[in-house]
Amino acid sequence: MTGPSVSSPETLPTPSGDAAAGIGRRISRWFYGRPGIFLLLLLLPPLLWLGIVYVGSLFALLLNSFFAIDPFTGMVKYELTLATWKQLFTLANFDIIMRTVTMAACVTVGAAIIGFPLAHYMARYAGPRIKGLLYLAVMLPLWSSYLVRLYAWKLILAKEGIISWIAAHTGLSWLLDALLALPVIGGPSLSVSYIGMFLVFLYIWLPFMILPIEAALERVPRTVTDASADLGARPGMTFRKVILPLAFPGVVAGSIFTFSLTLGDYIIPGVVGSSRLFIGQAVYLHQGTAGNLPLAAAFSTVPIVIMAAYLMIAKRLGAFNAL
Amino acid sequence: MRSRRQASARPRASLLLKLGTIFCVLFLHVPMAFIILYAFTTEDKSYVFPPPGLTLKWFAVAWGRQDVWDALTLSVQVALTATVMALILGTLAAAAVSRARFFGREAVSLLVILPIALPGVVTGIALRSAFGLADIPFSFWTIVVGHATFCVVVVYNNAVARLRRTSGSLIEVSMDLGANGFQTFRYVVLPNLATALLAGGMLAFALSFDEVIVTTFTAGQQTTLPIWMLSELVRPRQRPVTNVVAVFVIAVTFIPILTAYWATRSSAFAEGGGK
């Protein structure tokens, strides 16, 4: 931690004599007596931007969902109606929602399983040097390019790509073929199957799961695990009865990210996977090629509602203390 | 069990845990290595593995591509502008939230986090429909508005974390010693905040440079580098050039990330987390 630093005082202009400093003094004195006004000045730009521009746009979007497309002209009719919402609750759209939620749930569980060992090792076993390196190893993919990382998997999953090559050279081609022959999750090649899409989602959002778990485990005091051992618990039992329950809020916190990010993504299902739609794609298509902005607006409330429900449950499970 | 007790305070990890850790690290990093390998392949029609031969010529080809340069220029300009705006707005919001308790303080935090908490597709379509309603044509500035909106949070998070750890008595001391508000800001607050702002700005740049979901809604016909990459992903035309650009993007985004890590080492890098 870098200590508080103060620039060398001799560079300060003397309070008296300097006219500019005099004005500065008067202005700051005026504000000092009126902290409310100063606070308002600080808050005004961000509030104008986020409160008016951004939240305003969100409301405009919501408002749009109460308009509807005129079936004859294909133009948006600007009168309030619930027709678009009725359109949302059809079987086909329900399919899209279920498909997306299922994928988000699978990705979340997968990320928790794959990410847990790394988080556990980082929090409880690694020395400071290794820990720093592992931290960087999680941070770099988290912040680096989403598209490039997706592109990497396009290379890997391609029919002529690395996975097929490895399978062919280890005599496991039959296994790959068997996987791809599975009814729903298979497909002609990994790059157009749900298995491939799952792997890509898992890879892209995994760092978001690792960090909260690590943070939660970091807060488990060593004395607690020592006490467990003293009371006769074997390491496996300590892990199941002490560490796992205490890590659970971290898992839930991580799941907020993996779940929400998968729910709203429309690029990965478009690049890897079959032609069946996900929520994000449905929103994108309705507003774009279909030109049905009202339906797109109504659709975009679906992930928001799902996430609001999810967050409420997560709050109950104590996830926010682990963030 | 007993031998573990005798060892130093840090227990030893089981083999299974070590293997799990190694697997996870490899899973996170090996795919990137393949991108670098493919930038040198001689094969330009498919993603065949192993590459039939290695060559450097695609770097020269990519260098000569004007569309790549145009996209890169636009992306850098947008990222720089959005970062500056995010720095201003994020610092102001952080200063307000950390200096006083006021009605609606929680709401301000929520407001700042909202653009990344909501799915990108929602932010994108909301801004697009707002631009449509207000008859604003797509331009450089519509992209910047979108990017700055979700970049504010990274700056805000870093600045709030730092301000929380900066003692308020430092400011009072400065005032007691006769510095006015501006001088206190210039000589006391800013030096303390500098590395946090550097980290926040770097991450905001990385975030904006890489953003594609909101951009597809606010760019109109303009092509940023991520949009260029996306069109190549959906309909590959020049695979080797895309490979080279991908390597370049990895290199460019690693610099700000490592700088941010260095600037906030051992402190609040995690608080910038969460795209």
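1. In this predicted model, the side chains of A:Thr225 and A:Arg124 are joined by a polar contact of 3.1 Å. A polar contact is a pair of N or O atoms within 3.5 Å; within protein, one must be able to donate a hydrogen and the other to accept it, and residues adjacent in sequence count only if both atoms are side-chain atoms. The side chain of A:Thr225 also reaches the backbone oxygen of A:Arg222, at 2.8 Å.

2. Some ground rules apply to what follows. Residues are numbered from 1 along each chain as its sequence is written, and chains are lettered from A, and ligands numbered from 1, in the order in which they are written. Local features need pLDDT of at least 70, side-chain atom pairs count only at pLDDT 80 or more, totals for chains, interfaces and linings use all residues, and side-chain values use heavy atoms, with hydrogens and water left out.

3. Where does A:Thr225 lie? A:Thr225 is in helix α10 (residues 222-230) of chain A; helices (H or I, at least four residues) are DSSP runs, numbered from the N terminus. A:Thr225 counts as buried because its relative accessibility is 11% (buried means under 20% relative accessible area, exposed over 50%, partly exposed in between, with a 1.4 Å probe and protein chains only). Not counting residues up to four places away in sequence, A:Thr225 touches A:Arg124, A:Val220, A:Thr238 and A:Ile243; contact means heavy atoms within 4.5 Å.

4. A:Thr100 is buried, with a relative accessible area of 0%. Leaving aside neighbours within four places in sequence, A:Thr100 is in contact with A:Thr262, A:Leu263, A:Phe278 and A:Ile279. The C-alpha atoms of A:Thr100 and A:Thr225 are separated by 39 Å, and the two residues are 125 residues apart along the chain.

5. How many salt bridges are found over all chains? The search of the whole structure finds three, a salt bridge being a side-chain nitrogen of Lys or Arg within 4 Å of a carboxyl oxygen of Asp or Glu. In one of them, A:Glu218 pairs with A:Lys131, the closest N and O atoms being 2.6 Å apart. This pair links distant parts of the chain, 87 residues apart: A:Glu218 is in helix α9 (residues 194-218) and A:Lys131 in helix α5 (residues 128-143) of chain A. A:Glu218 is partly exposed at 39% relative accessibility, and A:Lys131 is partly exposed at 22%.

6. In chain B, the side chains of B:Arg65 and B:Asp67 meet in a salt bridge (2.9 Å, N to O). B:Arg65 counts as buried at 19% relative accessibility, whereas B:Asp67 is partly exposed at 32%. B:Arg237 forms a salt bridge with B:Glu232, with 3.3 Å between the closest N and O atoms. Here B:Arg237 is exposed at 56%, while B:Glu232 is buried at 2%.

7. Finally, the interface. Chain A and chain B bury about 9,100 Å² between them, 77% of it on carbon and sulfur atoms; buried area is the accessible area (1.4 Å probe) that two parts lose on being put together, summed over both. A:Trp49, A:Trp143 and A:Tyr151 supply 10% of the area that chain A buries against chain B, more than any other three residues. In contact are 102 residues of chain A and 103 residues of chain B. Between the chains there are zero salt bridges and 11 residue pairs in polar contact (both at pLDDT 80 or more). Helix α2 (residues 35-64) of chain A gives the largest share of the side of chain A that touches chain B, 18 residues.

Terms used:
Helix = DSSP H or I, 4+ residues; strand = E, 2+ residues; numbered from the N terminus.
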